[in-house]
Amino acid sequence: MKHRTFIGFIGPSLFLMALFIAGPLFSVFWQSLHVTQPIYIQVETEVCTPGFLSQKCTTEIQTQPQMGPDGKIITETKFAGFESYRSLLKPELFLKHFSQQEWSELNNINFYKALRFTLTFTLITLPIVLILGLLIALSVNQALQSFRGPIIFISLLPFVITPVIGALSIRWLFVGDGILTTLFEWLLERDISMFAQGWTIEILMLGYRVWHVAPFAFIVFYAGLQTVSRDTLESAIVDGATRWQRLRLVILPHLSPLILFVSIIHLMDSYRVFEEVIGFRSEAHVISLQWLTYDLLIPDDTGNRLISRASASSMLTMIGIILLLIFPLRRSWREHKLLKRG
Amino acid sequence: MQQNIEHPKSIQLSKSLKLLSNGFLGIWCLIAVFPLLWITLMSLKYPLDAFSANPLVVIFGPGTLAAGASINLFDLLMVILWVVFAFLGIKRWQAEKILGSKNWLYLGISIGWLFAAVVFTDLSVALKELLGADFFLMTPLLGMTTEHFQSVWIEQEFYRQFLNTLFVTTGVVSISLTVGTLAGYGLARSGSNWAFWILMTALVFRALPHSVLVSGYLPWFINSAEWLRPIFGDAAPTLYGQPWAIIVVLASINQPFTIWMLRSFFQNIPRELDEAARIDGCSHGEAFVRVIIPVMWPGVLTAGLFSILLAYNDYLVAALLLDAQNQTMVPAISGYFNRETTSTDQVEAVAAAVSITAPLFVLVMVFQKQLVSGLTQGAVKG
């Protein structure tokens with residue numbers, strides 16, 4: 001394909017991605033270093049209170065935001081350096097608590113709270129999703145042919161459902177004297193309230209995410225299982241391999257590229273965990289990095305949006321993405337070079 | 001993938017293992033479907049039944065029954081018949097891929113049934129008078145009410161949000177498919193280093209949290225009337241709150257995924273096909289139009305389904321870039337749970353949630369095969 005035709009085909013897509021994905025990244029970087037604030041002016045005002053014979057008047061100097069001719073507050077944008085980053089990261093407090101190992105104090109700073117949850121969430125759900133997906137795939141693979149279609153249909157439901165709604169539907173099972181809370185209370189013979197403390201909400205969030213993503217892992221693995229070579233399996237049986245050995249030595253190596261694929265996708269997706277916080281309304285106890293940015297962007301009571309702080313939080317979130325993707329990207333670059341040479 | 005392999009005896013599981021594995025599957029299916037099934041049941045009951053701790057109360061709804069809202073055997077049979085017709089219609093459509101005369105019959109009956117549902121209530125009442133309330137078809141069976149759905153859709157005008165979602169979803173799908181198909185084809189047929197780098201950059205873009213991108217847009221969108229004035233004059237629009245602005249944003253965010261998926265689809269279409277057309281004297285563009293477009297629809301359909309899911313399920317972008325008047329369904333539901341003060345409000349929130357889920361249910365029902373092939377063949381999930 002000639003270069004010009006190539007550009008013609010991919011041009012529109014590149015334009016959209018440059019304008020709405022790459023562009024905003026630069027804009028976020030710039031915004032994170034600048035602060036937009038109203039210009040304050042000092043006004044000398046005379047305040048009079050009624051008194052006997054004559055009014056008592058005092059002059060005082062007040063600070064007011066300056067209004068433009070149209071009655072809007074005039075704002076100015078200043079270079080602020082790393083001020084927004086500092087207000088998020090609070091380095092002095094961090095060092096103090098870190099050196100004294102006061103982890104619960106550290107958890108009071110929103111950014112570290114969000115970071116802690118996002119990382120544990122990502123790392124705990126990954127193995128559970130992989131194992132559950134594999135187990136379902138192996139079970140479906142031996143189930144009767146006529147059951148497979150319906151099982152796949154049912155499994156797809158948690159996957160396609162709107163994440164906020166999925167989280168809400170699980171919340172409704174547990175909220176108050178919800179049906180499952182009652183069941184667990186009966187089983188464990190003790191009072192349970194799932195939404196009173198952070199760690200129980202966290203368990204629900206992990207459970208929701210596994211429920212939502214395991215179908216994806218299952219379907220990818222199930223497709224992979226269809227291509228396992230039967231000859232290899234049969235010769236393994238002839239060699240006397242047990243079921244476990246066949247799984248470990250034949251099936252898992254065959255699935256390993258798919259396991260890597262599912263892992264990368266899952267890492268990318270669970271790193272941006274957000275809808276769970278909305279659906280479970282956990283913001284008082286548990287927050288995530290993406291929710292932190294979202295919350296800074298929502299106008300506060302006075303209608304201000306903390307754009308520069310949100311941008312700083314975005315930049316910090318992106319550092320995580322780069323760390324997450326650097327190894328898979330290096331790997332595919334090497335494969336690409338090998339392909340070119342060979 | 002669907003090929004049927006009968007395993008030889010030696011690979012088959014022992015009885016106990018088979019039982020274990022089937023039991024596990026049963027439990028998984030129950031877990032997968034239970035929350036959705038349960039909220040559907042809840043949405044059909046009055047609050048006292050819906051939030052009862054006793055599961056039997058939620059299923060049979062005695063409180064709702066006592067309040068006079070119930071369905072009898074006749075209604076239940078009608079509903080079951082409708083479900084069976086709709087199911088058969090979809091199954092036949094999936095099997096034959098064309099709408100033959102018989103399929104039209106099924107489709108017509110099931111849609112007609114839906115409209116008749118409005119008439120049913122009258123029919124049911126008329127029959128009740130004719131046969132007497134004691135007739136076995138007419139005795140109230142289950143407590144059930146559609147009151148909350150009526151209140152959500154009619155009184156609280158949820159259809160407005162539905163129309164907004166419909167508009168946004170249609171827009172996103174058409175833009176992202178048009179642009180993505182061209183790019184996917186270009187990338188599939190070009191072996192240059194450029195193509196590799198574009199794909200890798202797209203992968204990084206795909207990993208970006210949407211909130212990062214939105215914090216980039218937000219100030220520009222709010223102040224757009226100012227910086228667009230030199231171009232558009234006084235007619236310069238404020239992009240904040242405009243559904244079409246959201247459409248472009250979501251279509252762009254969706255591009256990385258769409259081009260990956262369509263590229264891998266086009267790679268499976270043999271190169272010889274368009275090369276033959278090129279030998280006959282077509283340019284690349286003509287070859288695309290004459291040879292590729294006729295065979296690309298299965299792949300486009302699959303990519304389209306994932307675009308629908310992205311646009312329909314989006315919370316964050318719409319919540320931040322749209323104002324309350326133009327809100328789509330998913331962010332609007334947070335309005336319900338913010339004012340969840342009375343228990344009726346809570347059941348209405350459940351009814352709104354069920355309303356949002358229903359179209360997705362139909363989507364999986366009709367396009368199960370395409371969704372599965374998209375998950376397995378496309379390199380990246382949406």
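Trainee: At what angle do helix H9 (residues 198-225) of chain A and helix H11 (residues 243-271) of chain A pack?

Mentor: Two packed helices are described by the angle between their axes and the distance between the axes. Here H9(A) and H11(A) pack at about 155°, with axes 10 Å apart (lines fitted to C-alpha atoms over the stretch in contact; angles run from 0 to 180 degrees between N-to-C directions). The pair is therefore roughly antiparallel (over 145 degrees). Helices are DSSP runs of H or I, at least four residues, numbered from the N terminus. This is a predicted model, where local features need pLDDT of at least 70 and side-chain atom pairs 80 or more, while totals for chains, interfaces and linings use all residues. Residues count from 1 along each chain as written, and chains are lettered from A and ligands numbered from 1 in written order.

Trainee: Which residues of H9(A) and H11(A) meet?

Mentor: From H9(A), A:Arg209, A:Val213, A:Ala217, A:Val220, A:Phe221 and A:Gly224 meet A:His254, A:Leu255, A:Leu258, A:Phe261, A:Val262, A:His266 and A:Ser270 of H11(A) (contact: C-beta atoms, placed from the backbone, within 7 Å).

Trainee: And how many residues does each chain bring to the contact between chains A and B?

Mentor: Chain A brings 77 residues and chain B 83. Helix H1 (residues 3-33) of chain A gives the most to chain A's side, 15 residues.

Trainee: How confident is the predictor about chain B, by mean pLDDT?

Mentor: pLDDT is its confidence per residue, from 0 to 100. Chain B averages 81, with 84% of its residues at 70 or more. Over residues 1-6 of chain B, pLDDT stays under 50. Overall, the model scores ipTM 0.85 and pTM 0.86.

Definitions and conventions
Contact = placed C-beta atoms within 7 Å. Helix = DSSP H or I, 4+ residues; strand = E, 2+ residues; numbered from the N terminus. Parallel < 35°, antiparallel > 145°, perpendicular 65-115°, else oblique.
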